[in-house]
Amino acid sequence: TFGDAPFTVSATASSGLAVTFSLVSGPASVSGSTVTLTGAGSVTMRATQAGDTNYASATPVDQTFTVAKADQAITFGALPNRTFGDAPFTVSATASSGLAVTFAVVSGPATMSSNLVTLTGAGAVTVRASQAGNTNYNAAATVDQSFTVGKSAQTITFGTLSSKTFGEAPFTVSATASSGLAVSFSVVSGPATISGNTVTLTNAGTVVLRATQGGNTNFLAAADVDQSFTVGKASQTITFGTLANRTFGDAPFTVSATASSGLA
């Protein structure tokens, strides 16, 4: 098998003279009677005795043997857990043959380019290391390593809200999540209602609004952010028309006025 230690060969001549060896063909080398394998394949060795003053040269004798491909194994260490949003990272493994190892994502939210892993979501990822072999080595058994990609944290940015006055038109509020996911709003307390991100004032007082982002498959829920603002009382005016002159003894009469608020 390729990778076996060098070994010796032997042959005898009927004359008792020393036999020499040479390589006819194949992935090996010979020094004296020591054969060193250089690859897998078919090797033919030749035994020769050239004769001397008393003996004619012997007919060379060839012997052929097969060098099988060597087995190899992959060493691929455990991979640490990650968090969605982490930067791309490299993985490494070695083959006992010294041949290059290739990688692939077997399953999970990640992509692989050469040995660079890019996370595409949260979940369980399995990476496979492979070495397909060559003319001298059999393919190695693949080795899988799995790791977990945790959900990423996120935060909400919800700016201070300005004071309002009762009677003002409905207005919109806005906030952003670091995840880029949509933020929703609710009234925690106070004289207002909200639909989507449009706030309608219903009285004077203090209003507390809450911005929320509940997360998804890749992001944890964000911490809620509250913002409060004051709704001041609205101004009002009275319309009270001119009164006509009267004469003592006239019957009782009524007067009227209106407030812009509609209050009595």
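Glutamine 72 is found in the loop between strand 6 (61-67) and strand 7 (74-75). Strands here are DSSP runs of E with at least two residues, helices are runs of H or I with at least four, and both are numbered from the N terminus. The model is predicted, so local features need pLDDT of at least 70 and side-chain atom pairs count only at pLDDT 80 or more, while totals for chains, interfaces and linings use all residues. Residues are numbered from 1 along each chain as its sequence is written, and side-chain values use heavy atoms, with hydrogens and water left out.

Not counting residues up to four places away in sequence, glutamine 72 touches several others, among them Ala95, Gln131, Gly133 and Tyr137 (contact means heavy atoms within 4.5 Å).

Glutamine 154 is found in the loop between strand 15 (143-150) and strand 16 (156-157). With a relative accessible area of 5%, glutamine 154 is buried. Its side chain makes a polar contact with the side chain of glutamine 213, and a polar atom of the glutamine 154 side chain lies 2.8 Å from the backbone oxygen of leucine 220. Leaving aside neighbours within four places in sequence, the residues in contact with glutamine 154 include Ala177, Leu181, Gly215 and Phe219.

| Side chain | Partner | Distance |
|---|---|---|
| Glutamine 154 | Glutamine 213, side chain | 2.7 Å |
| Aspartate 62 | Arginine 46, side chain | 2.7 Å |

## Two partly exposed residues

Aspartate 62 lies in strand 6 and, at 36% relative accessibility, counts as partly exposed. Beyond its neighbours within four places in sequence, aspartate 62 is in contact with Val24, Thr44, Met45 and Arg46. Aspartate 62 and glycine 121 are 59 residues apart in sequence and 64 Å apart in space, C-alpha to C-alpha.

Glycine 241 lies in the loop between strand 25 (238-239) and strand 26 (258-259). Its relative accessibility is 46%, so glycine 241 counts as partly exposed. From C-alpha to C-alpha, glycine 241 and valine 255 are 8.9 Å apart in space, and they are 14 residues apart in sequence.

## The whole chain

The protein chain has 26 strands and zero helices. Its C-alpha trace spans about 175 × 20 × 20 Å along the principal axes. The radius of gyration is 46 Å, whereas a compact globule of 264 residues would have one near 18 Å; the radius is taken over C-alpha atoms, and the globule rule is 2.2 Å times the number of residues to the power 0.38. Of the 264 residues, 28% count as buried. Among contacts between residues at least 6 apart in sequence, 54% join residues at least 24 apart.

Technical notes. Buried means under 20% relative accessible area, exposed over 50%, partly exposed in between (1.4 Å probe, protein chains only). A polar contact is a pair of N or O atoms within 3.5 Å; within protein, one must be able to donate a hydrogen and the other to accept it, and residues adjacent in sequence count only if both atoms are side-chain atoms.
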